[in-house]
Structure formats: C-alpha cells, structure tokens
Amino acid sequence: MKRLEALLEWGGTKKEIALLALSGAALLLSIAGVRPAGIDPAWAAIVLCGIPILLEAFIGLVTAFDIKADVLVSLALVASVVIGEHFAAGEVAFIMQLGALLEDLTVARARAGIEKLVHLTPRTARRLRGGAEEIIPAEQVCVGDMLRVLPGEAIPVDGVITEGNTSVDQAVMTGESLPVDKGPGDAVSSGTVNQFGAFVMRAQKVGQDSSIQRMIRLVQSADAGKARIVGIADRWATWVVVVALAAAALTWLVTGQVIRAVTILVVFCPCALVLATPTAIMAAIGNATKHGALVREGDALERLAGVSKWMFDKTGTLTFGMPQVVCVKSLLPDVDDETLYRLAAAAEHSSEHPLGRAVVQGWQTHSGQAAGEANDFSMLPGRGVTAQTQGRRVAAGNEALLAMCGAPVPQTLRCAAQPYWDRGCTVIYLALDGRAAGFIALSDTLRPQAAQVVAELRGAGVQPVLLTGDNENAARAIAGALGVEEVHAGCLPEDKLRLIGEAQARGQRLCMLGDGVNDAPALKKAGVGIAMGGVGSDIAVDAADIALVNDDICELPHLLCLAQHMMRVIRCNLTFSMALNFIAILLAMTGVLNPVVGALVHNAGSVFVIVHSAFLLRWRKKPRAAARL
C-alpha cells in the first residue's frame with residue numbers, strides 16, 4: 001500500500017516507526033482500560049494510522065476508481081467508529097500501516113545510476129584548428145573536427161584515429177578485460193579511456209549520437225520497461241471488497257444486526273494478505289544478506305523465483321577479469337622456457353600495460369623471485385616494449401614490434417602460438433638480440449567454482465547463457481569449460497539488450513549476472529539483475545536488483561533456491577490467512593464474534609504469517625547427498 005507521505009509530510013521511515021510506536025502504545029492503554037479524560041486511547045491509532053488509509057482510498061476512488069485493499073479497510077474503520085468499537089478500528093488501522101511499513105522497507109525505489117553514467121561523459125575536447133590546439137566543451141565538437149587525445153584522457157566523441165598508436169580501455173562499452181591496441185584507421189568510442197600514446201582522431205558521431213549517450217538512453221529505456229510487481233492484496237482487492245460487502249449486507253438484511261455486518265468487514269480486512277508477502281521477503285532478504293547478497297529491490301526475489309534463463313557476462317563474473325600467464329614457449333635451442341620467462345618479466349618490469357604487469361606478476365608467483373632490472377626501456381603504444389636486461393636486448397609485443405626490431409615472426413612461431421589464439425588467449429611475441437625467440441600466452445582465467453555453479457543452476461531447471469563482449473574464440477573456450485551451450489560473443493550493450501528483449505518476447509523470464517558499466521542496460525532490462533558488488537562498477541550495482549557483496553558466485557544457487565522457497569512460504573501464508581478469514585466470517589454471521597474479538601481472531605492469521613516467515617531467516621537447502629539419506 002502506498003501512503004501519502006507527500007500529502008501528510010510524514011517524511012521518512014523513522015517518523016513512520018515513531019507514529020506506529022505511539023499507536024501501539026495507545027492500543028495497549030486501550031486494552032488496559034486506561035481512559036485519560038474519558039477518551040479511548042485507541043483514537044490515537046485511528047488518527048495516526050487510519051487517516052492516511054482513508055485519504056489513500058478516497059483519492060484512488062475519486063481520481064481513478066482504483067479499488068485496492070485500503071477501500072475495504074476504510075469501510076471497516078468507518079463502520080467500527082460509527083458503532084463505537086474504537087479499539088477494533090485502531091487495531092485494524094495499526095496492522096495495515098505496519099504491513100505498509102514492511103512493504104516500504106522491502107521495496108526500494110529503482111536506482112538507475114544515470115547520474116554516474118553522466119559523470120563518465122567527457123566534458124572537454126582538444127580541437128585542432130589552423131595548426132593550434134584549443135580546449136572546448138565536448139558538446140561543441142562537430143562532425144569532421146580533428147581532435148587530439150592525450151594518455152589518461154577519456155575519448156570525447158566517436159571517431160577514427162588518423163595519427164598515432166595507443167591502447168584503449170574499452171571496458172565501459174564492451175566489458176573486455178584487456179586494453180585494445182589502436183592505430184590509424186581504427187575506430188574509437190566516446191567514454192573509453194586512452195591509456196598510453198597520444199593520437200589524433202576525426203570526429204564522426206557527436207552529442208546524442210555518441211556511444212556514451214546511447215548507453216545512457218539504453219539504461220533509461222530498460223528501466224522504464226521493468227514494472228514493479230503489484231502486491232497480492234491489491235491484485236485481489238476488487239473481489240475481496242465485493243465479497244465482503246455482499247456478505248455484510250446479506251447478514252444485515254437477514255439478522256437486522258448491524259454489529260454482525262461490521263464484524264464481517266473487520267474480520268475480512270486483508271491484514272494477513274498485506275503481511276504475507278513483505279514479511280516473507282524481509283526474512284528472505286535477511287537470509288540472503290548473511291550469504292553475501294544485498295537485495296536492493298523488494299520484489300527481486302519474487303521475480304528470481306520464476307526465472308527460466310540465467311544470462312552470464314563473462315569477464316569479471318565467471319572469470320577473474322585479470323589476465324594470467326598460461327604458457328611460456330621458447331623456440332630457441334639455447335634459451336629454455338624459464339630463461340625466456342625471466343627475461344620477459346625483467347623487460348616488462350617498468351611497463352604500465354596490464355599485459356606487462358600480468359607477466360611480471362606471473363613470474364613472481366611462478367618463481368618466488370622479483371623480476372630483474374632493465375635498462376634503456378622503451379614503450380611503443382600499440383606495439384609493445386623493448387629493454388636491455390641481463391646483457392640481452394629484449395622485445396615483447398606484437399608482430400609489428402618484432403618486425404620493427406628486425407626479427408619478423410617466422411611461420412613456425414605463428415603455428416606454435418595458433419592453438420592459444422584459437423582458445424581466445426592474448427599472445428605476446430618475444431625477440432632476443434634481434435632473433436624471434438618465442439611467445440607468452442595470457443588468458444582470463446575461470447573462477448574455480450564457476451563450473452559447479454552453472455551445473456547447480458542447470459539442475460534447478462535454469463538454462464545458462466553466456467553473453468560477452470570478448471571475441472568468439474575466448475567465449476567458446478570459456479563456454480566449453482563450463483558446459484554452456486548458448487553463447488553470444490562480441491556483444492555491445494545494445495546487443496545484450498536486444499537478446500534479452502527477444503527472449504522476453506518469447507515469454508522467457510531472465511536473470512542477468514554482470515559487473516561492468518556495459519552491463520548496466522542489460523541488468524535493468526532483465527527480469528532480475530545481479531551485479532558483482534566487489535569488482536563490479538558502481539553503475540552496474542546501481543542498475544541491479546541484487547549485488548554480490550563479496551563476489552562469491554557460489555551463493556547463486558542458494559539465492560535461487562531461497563527465492564523459490566520464499567514463494568512457497570508466501571503461498572502457505574495466503575492459504576492459511578484466507579481460510580482463517582472465511583471461518584471468522586461464518587462465526588461473525590452467526591453472532592459468535594463481535595468486532596473486537598473478531599479483530600483479535602483474524603489477526604491470529606497475521607501472527608502466523610510473521611512467525612512462519614521468520615523461519616526463512618535461517619533456511620538453507622540441504623545438500624543433495626544429505627537429502628538422499
């Protein structure tokens with residue numbers, strides 16, 4: 001139930017809790033028979049909790065003829081006050097507002113993360129005109145302008161490089177774990193970061209047509225398409241109101257006793273219905289939090305329980321998102337693999353490139369020794385590094401670098417490296433003293449528990465799908481190791497959004513696991529978005545419904561099973577509370593219950609709902625082996 005915070009200026013959860021505390025205390029005084037100045041303290045609960053309900057129901061009926069659960073509550077409140085049953089009126093109002101508070105605590109407002117995306121948008125650009133360089137606002141760049149981009153700067157607009165070589169961090173747009181080497185003729189996107197060499201580019205897409213602005217619009221459109229699930233009490237409200245009014249009117253006509261009719265309205269109030277969902281969700285959220293999952297949207301678990309497809313981003317989720325050395329191979333008879341590895345690590349010691357740092361870290365982990373010192377170090381953006389170390393001239397980079405150093409890559413070396421290219425690895429060619437010497441292969445490595453997680457999700461009836469911005473070879477290699485059959489490689493943010501939309505059009509309910517800025521639109525579009533809270537970007541976390549605080553994907557199967565069990569608890573709560581309500585109605589018709597006793601009896605359903613839901617706090621699915629015993 002929505003309350004009219006703006007209308008009443010209650011302004012926040014703390015004030016709501018304070019008002020509920022005052023109302024509860026007033027009801028306790030009413031039960032004890034305390035009557036200050038002859039006034040029933042239950043009036044405090046009626047005023048503090050009942051008036052917002054009456055206003056909500058009245059405005060909904062008048063403006064949109066919207067019949068919700070608070071319409072029946074309002075009828076019961078007014079009828080109870082008219083016949084002098086103040087405690088019954090105050091108790092019903094208190095229970096309904098308690099349920100509304102629980103719902104507000106579990107259902108957070110959508111956090112689109114648009115502001116942080118806007119902060120990623122470059123604010124200035126270096127325009128070259130008439131041989132001079134001028135700094136202008138990025139929005140003033142026109143198609144065809146020539147721009148200079150320095151190392152460390154974000155690229156202001158989409159365009160193509162005309163001069164210079166560099167490496168560009170494209171994680172914002174593609175999620176790729178490694179920078180991409182760029183040179184003349186290569187396209188670059190706004191929002192991506194130039195890491196090393198300065199270059200000149202020609203602007204092609206500017207303003208609202210740029211990549212980062214398209215990303216912002218994608219997140220906005222995806223957010224608008226995800227509707228919040230309506231509470232069960234409101235879904236059934238029209239039928240509940242009709243049945244309650246019919247039963248009350250029939251009883252009044254047959255017995256001529258208005259108190260019986262009022263009792264029916266009181267016991268038919270959907271207190272347990274209102275509490276059934278939020279109490280179970282709150283307990284399940286508490287359980288999820290203990291297992292490292294921060295549930296940011298109240299109905300996320302309700303949606304998660306019904307998913308049939310689980311879409312995974314690759315880099316940073318199923319993999320660590322950091323390159324690691326997987327092979328070092330020397331083709332020179334006088335240089336073994338270990339020596340080549342040591343020389344390469346020494347040459348890369350001063351490199352700022354992620355691949356160079358990965359080689360150095362890999363050598364230190366492998367040997368337990370620090371990389372040696374290098375002299376005459378030179379870094380060539382888009383190609384690699386050269387250095388003098390241990391009496392050897394070392395070159396480490398791509399084919400263009402080795403050709404420039406007079407050591408073109410022979411066919412035998414290409415053939416030896418090809419299997420690693422096919423697996424999606426990144427290969428660094430090495431030359432010693434002007435001779436092609438071998439290669440180092442690096443790859444993003446799987447999280448050790450990834451295959452088990454995918455298998456458990458498949459066992460729970462969910463089909464895994466891999467979506468990644470990486471190349472086809474890398475995607476297929478990872479998918480093969482995980483046993484994932486459906487793979488989509490080379491995906492830009494709009495591609496992921498399109499694939500999710502197509503699946504949803506076929507009636508499939510989806511969950512998306514991602515970590516990067518480029519995943520934000522997909523996280524918003526999917527039925528449930530789960531972000532890696534540790535390594536993931538703030539924007540991805542803001543776009544998601546659930547965040548894995550410690551990046552522990554081992555808890556994903558538990559999260560899915562918890563959501564499914566939560567829905568079973570909710571259905572049990574609803575069945576019990578409705579059955580109790582109908583029994584109470586029969587007793588009210590026969591005059592066994594009066595409004596006060598009727599309110600107490602029907603609220604027994606609310607107590608059951610709260611206690612039953614509380615068991616979710618410690619619920620954990622038994623392992624399969626234990627379940628078979």
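**View 1. Strands β16 and β17 pair in the antiparallel sense.** In this predicted model, strand β16 covers residues 426-432 and strand β17 covers residues 435-446. Seven bridges join the two strands. Leu432 stands opposite Arg435 of β17.

**View 2. Six strands make up an open sheet.** The order of the strands is β12-β17-β16-β15-β14-β13, and their pairing is antiparallel. Strands of a sheet are held in pairs by backbone hydrogen bonds, and the pairing can be parallel or antiparallel. Which strands form the edges? The edge strands are β12 (319-330) and β13 (375-380), each of which pairs on one side only. From one strand to the next, the twist averages 20°.

**View 3. Helix α16 lies across strands β12, β16 and β17.** Helix α16 is formed by residues 354-367. Its direction is at about 65° to that of β12.

**View 4. Helices α11 and α24 cross at roughly 170°.** Helix α11 consists of residues 258-267, and helix α24 consists of residues 556-589. The axes of the two helices come within 9 Å. Angles over 145 degrees count as roughly antiparallel, so α11 is roughly antiparallel to α24.

**View 5. Residues of α11 and α24 form the contact between the two helices.** On the α11 side, the contact is made by Arg260, Thr263, Ile264 and Val267. On the α24 side, Asn581, Ala584, Ile585, Ala588 and Met589 take part. How many residues of each class does the contact of α11 with α24 have? Six residues are nonpolar, two are polar and one is charged.

Notes:
Residues are numbered from 1 along each chain as its sequence is written. This is a predicted model: local features need pLDDT of at least 70, side-chain atom pairs count only at pLDDT 80 or more; totals for chains, interfaces and linings use all residues. Side-chain values use heavy atoms; hydrogens and water are left out. Axes are lines fitted to C-alpha atoms, for helices over the stretch in contact, and angles run from 0 to 180 degrees between N-to-C directions. Helices (H or I, at least four residues) and strands (E, at least two) are DSSP runs, numbered from the N terminus. Angles under 35 degrees count as roughly parallel, over 145 as roughly antiparallel, 65 to 115 as roughly perpendicular and the rest as oblique. Contact means heavy atoms within 4.5 Å. Ala, Val, Leu, Ile, Met, Phe, Trp, Tyr, Cys and Pro count as nonpolar, Asp, Glu, Lys and Arg as charged, and the others, Gly among them, as polar. Two strands pair if DSSP finds at least two bridges between them.
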